[in-house]
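Keep the viewer open as you read.

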Amino acid sequence: MGDKSGHNKPPVTYAEAGVDIEAGNTLVERIAPLAKATARTGADSDLGGFGGLFDLAACKFDDPVLVAANDGVGTKLKIAIESGIHDTVGIDLVAMCVNDLIVQGAEPLFFLDYFASGKLDVDAATDVIAGIAEGCRQANCALIGGETAEMPGMYAAGDYDLAGFSVGAVERRKILPRDDMAEGDVILGLTSNGLHSNGFSLVRKLVEHENLAWDAPSPANSNKSVAEDLLTPTRIYVQPILQALRANAPIKGLVHITGGGFQENLPRVLPDELSAQIDLSAWNMPEIFKWLQSIGSIESEEMLRTFNCGIGMALIVSPDGLADVMAMLAANNETVIPIGTLVPRDGEAVTFSGSIKG
């Protein structure tokens, strides 16, 4: 009788199952100095422990409240994967998290990432995590840990996914939004870098319909390829806004204009009795949005609900402090545009006047 126990079969290794531990170790060696370069007060950014340590007491808060956010990059990743341009989506990942922290008045403190693929491509992963480190540097946020998961059979060849997690802190008395918003408060817009990280399922469909290659010149910017233009990383607004808040600027609320656009995001900070009246003629929509609207024959309402249309962050400010806030932000290289006011609510939480300059 044969040996039914399987003892005569050659031993199977984890590598034969598709998981390369050595590749993972190589990646950790490459990214350790990238993470260390993001060190800030409270973190030394050494990787390798079972958890990342952060010393909140070293940050000298008086009465801190922790604020946490997590997010991903969405199908913008597909453009990075298909074009082979991996060094900017990490910035997007950080931006989507830390911009959500700053709108509550919180200073981002540390960041962790999750990178998953079917088979680890060390070079691509290094580029992605270098982008994450760059985003953390822009936000003065320490990259203190993460997870690289190699999962054969879960992802198509070359595909990967990203998730980011960030924690910040804010003094209890300075949590935003404030509860004293009033009729006549001004809505300021900070311009975006482009599409940021929303609407890419529609974007990819439109590019496919146009039969455009990722390396073709962008119809919206002849100096860049289609992929380079679309992959322009999300703007990180943390440092300019944090400086204004530390100077006690009369900022009553902040809104990160992400998925859902103006219609879905502005109401999240408004009291029930007030609505935001937005003047669409106050700014020029960037070329990338004009091109997408044109090729897709997209209605203005749909554009405003799907994309940031050129405004990545909105601030609600007392009119008497308006000039000071605008000056502070302009001094930190932000383009600041008054785009609306708060008015008594009579129906919708967000209303529009004028038309998009497309």
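Is tryptophan 283 buried or exposed? Tryptophan 283 is buried, at a relative accessible area of 5%; buried means under 20% relative accessible area, exposed over 50%, and partly exposed in between, with a 1.4 Å probe and protein chains only. This is a predicted model, where local features need pLDDT of at least 70, side-chain atom pairs count only at pLDDT 80 or more, and totals for chains, interfaces and linings use all residues. Residues are numbered from 1 along each chain as its sequence is written, and side-chain values use heavy atoms, leaving out hydrogens and water.

Phenylalanine 262 is buried too, with a relative accessible area of 0%. Phenylalanine 262 and tryptophan 283 form a tilted aromatic pair, 5.8 Å centre to centre with 35° between the planes. Rings of Phe, Tyr and Trp (its six-membered ring) pair if their centres lie within 6.5 Å; planes under 30 degrees apart count as stacked, over 60 as edge-to-face and the rest as tilted. Ring pairs also bring in Phe352, giving a cluster of Phe262, Trp283 and Phe352.

By that rule there are five aromatic pairs. One of them, phenylalanine 115 with tyrosine 160, is stacked at 5.1 Å centre to centre and 20° between the planes. Because phenylalanine 115 sits in strand β2 (residues 107-117) and tyrosine 160 in strand β4, the pair ties together parts 45 residues apart in sequence. Strands (E, at least two residues) and helices (H or I, at least four) are DSSP runs, numbered from the N terminus.

Now turn to helix α7, where Val238, Pro240, Ile241, Leu242, Ala244 and Leu245 are buried. Just after α7, asparagine 248 takes a positive phi of about 60°.
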